[in-house]
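User: I would like to learn how to read a few features of a protein model. Could we go through them one at a time?

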Amino acid sequence: MIPSIHKMGTRTIGLIRYLYGPGTHKEHTDPHLVAAWDALAPDPGRDPAATYEDLQQLLDQPVEALPKSRRPTEHVWHLSVRAAPEDPTLSDEQWGDIARRMVAATGIDPGDGAGCRWAAVRHADDHIHIMATTVREDGRRPRRHNEAKRAQAEARHVEADYGLRRLNTGDGTAAQRPTSAERHKANRHNRQRTPREELRETVRHAVAGAQSEEEFFGRLATSGLLVGQRKAPSGDLLGYTVALPDDRNRHGEPVFYSGSKLAPDLSLPRIRERFTTLAEASEGDSGPGQPVLPPVTGPAFARRRAAATWQALLIIDQGDDGTAAAQIAAATEVLDALAKTSAAHTRKELRDAAFSFERARRSHVKAVRGHDHALRQAARDLVHSGPALGRGEDSATTAMLIDMAFFLAITAANWHAKKHHVQQAAAARQAAEHLRAAYEAAATQPMGALRQRGQRMALHVQQRQAAFVRQALPELAERILTEPSWPALAATLTDAQKAGHDPAALLAEATQRRELDTATSISDVLVWRLRRSAHLPAAPEARHKPPARGDRRTPPAAPAAPPAVKAASDSTRRR
């Protein structure tokens, strides 16, 4: 159940006419009162003798009784209460009880016999509107401090009492939701998302991995947004606003939103905090054991290198709160960059994953910048590498990165749950489900090819690889050997062994990074971890496929011939 307090109004009659009218799209049906401050209050919806003016005059009486100098200009209070789509249809009596509880909780009518006058109107099955005038019967103003928070708390009690869907309690760090007017406008223009949501996503994509204000504003301009800048008299930049070119008000003017109105962490001062850390890292100040990496040469290379940032899992698990919060915030940029550069068959799920995980990045734990540059650099690499293809090494490395991102989302969800960040934990879990679906789409082709290779291997080779699994993972071995992707893991272990690695050691190292019990397919997880740590091509056919013309990526060097083969070749040439 979602209570929403709307902007204060000046005309009681205007709100009455809207609530009892047909609605913007004629969606209002059978408008009528379900409760009011007085059981004998007129109901223009059900009583033919009652008029809108009758109800308005009674609601406004306490306001009109005050001297004009003491009358509040904006005195019309408006609260809507909406049930979840899966909730059962409530009766008028139940909605009336909910309305009484809401006006008591918010301080409009606390039950002392001198509260404000109010009326609750129902014109749909799933919600009601409560209107009130904010002057009490005794001439005083109601105590409405923290009314939104109190309304949310009461909604949680209502959900428990009526057996409705239990929503998560907020902590005041969420981005502002679109207003009902914005949603109706989006419906009229056949938009799937409101302009506020579209702008928030575009700005997130623009800031992902950006290193300076110039780069950030350049990306905004390239994306096609209208961009405004607010400057001080000295010329210093103070803030920015953005608008969609086709989103206009009734005067034909673009509707601009400031960064802070899109999300608290999209204000210019908060964005500048990200630039500082990445600029320092790019100059070589990447911390101990963090060398400056070579430039990215293609989408597959960028994805493989981004997947190598799995250390973020350990930092979130074992680091202090500020460092963990910084890693989670930077992970959002990786998801945004991945969604922006993904192929068509994974784009929707990745966009939805980034959209959900955006809520998980904000909490009351302040992120300590400086340890998140690896993830921010990964986001930057993804953006600069360009869009990925939906096949070959690009698709395989996308699956490899999504696999890492899935565990990152699960780790973030567990961390938030330990901190009792209910909304953030739920958002991270929802993002993980979208990532799971994206992984299935990305991994179908490369994992299928690896499975076929494994199935064609000789029986004694498969048995040898199975022995390595039993040696390294005795508790999980039988589960792994019965999974559909076990042949792919066997092929990967064979490739690693041919490349000079110890399969048992690789397996032991892979299992130390993160627990595997929560994985849907342990074999899939191990395949990507082993191919990443052993520097094997993600797509099996990539080893023999020559680079396309114009491809800037450097093909892997051919392996050196073993000494015996080289000697035989030299002898043949001499003969």
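**Reading helices, burial and rings**

Analyst: Helix 3 (residues 92-105) has 14 residues and spans 20 Å from its first C-alpha to its last, close to the 20 Å expected at 1.5 Å a residue. The expected span is 1.5 Å times one less than the number of residues. Helices (H or I, at least four residues) and strands (E, at least two) are DSSP runs numbered from the N terminus. This is a predicted model: local features need pLDDT of at least 70, side-chain atom pairs count only at pLDDT 80 or more, and totals for chains, interfaces and linings use all residues. Residues are numbered from 1 along each chain as its sequence is written, and side-chain values use heavy atoms, with hydrogens and water left out.

User: Which residues in helix 3 are buried?

Analyst: An α-helix has 3.6 residues a turn, so residues three or four places apart point the same way. In helix 3, the buried residues are W95, G96, I98, A99, R101, M102, V103 and A105. Buried means under 20% relative accessible area, exposed over 50%, and partly exposed in between (1.4 Å probe, protein chains only).

User: What covers the buried residues of helix 3?

Analyst: The cover includes strand 1 (2-5), strand 2 (32-36), strand 3 (76-82), strand 4 (118-122), strand 5 (127-133) and helix 4 (147-162). After helix 3 comes G107, with a positive phi near 90°.

User: What does A312 touch, leaving out residues up to four places away in sequence?

Analyst: Contact means heavy atoms within 4.5 Å. By that rule A312 touches Q327, L375 and L408. A312 lies in helix 11 (residues 311-318) and is buried, with a relative accessible area of 3%.

User: How many aromatic pairs does the structure hold?

Analyst: A pair of aromatic rings is described by the distance of the centres and the angle of the planes. Rings of Phe, Tyr and Trp (its six-membered ring) pair if their centres lie within 6.5 Å; planes under 30 degrees apart count as stacked, over 60 as edge-to-face and the rest as tilted. The structure holds 6 such pairs. One joins F216 and F217: the centres are 5.1 Å apart and the planes at 55°, so the pair is tilted. Another joins F217 and Y240, with centres 6.0 Å apart and planes at 80°, so this pair is edge-to-face. F217 lies in helix 7 (residues 213-222) and Y240 in strand 7 (residues 237-243), so the pair ties together parts 23 residues apart in sequence. Ring pairs link F216, F217, Y240 and F275 into a cluster.
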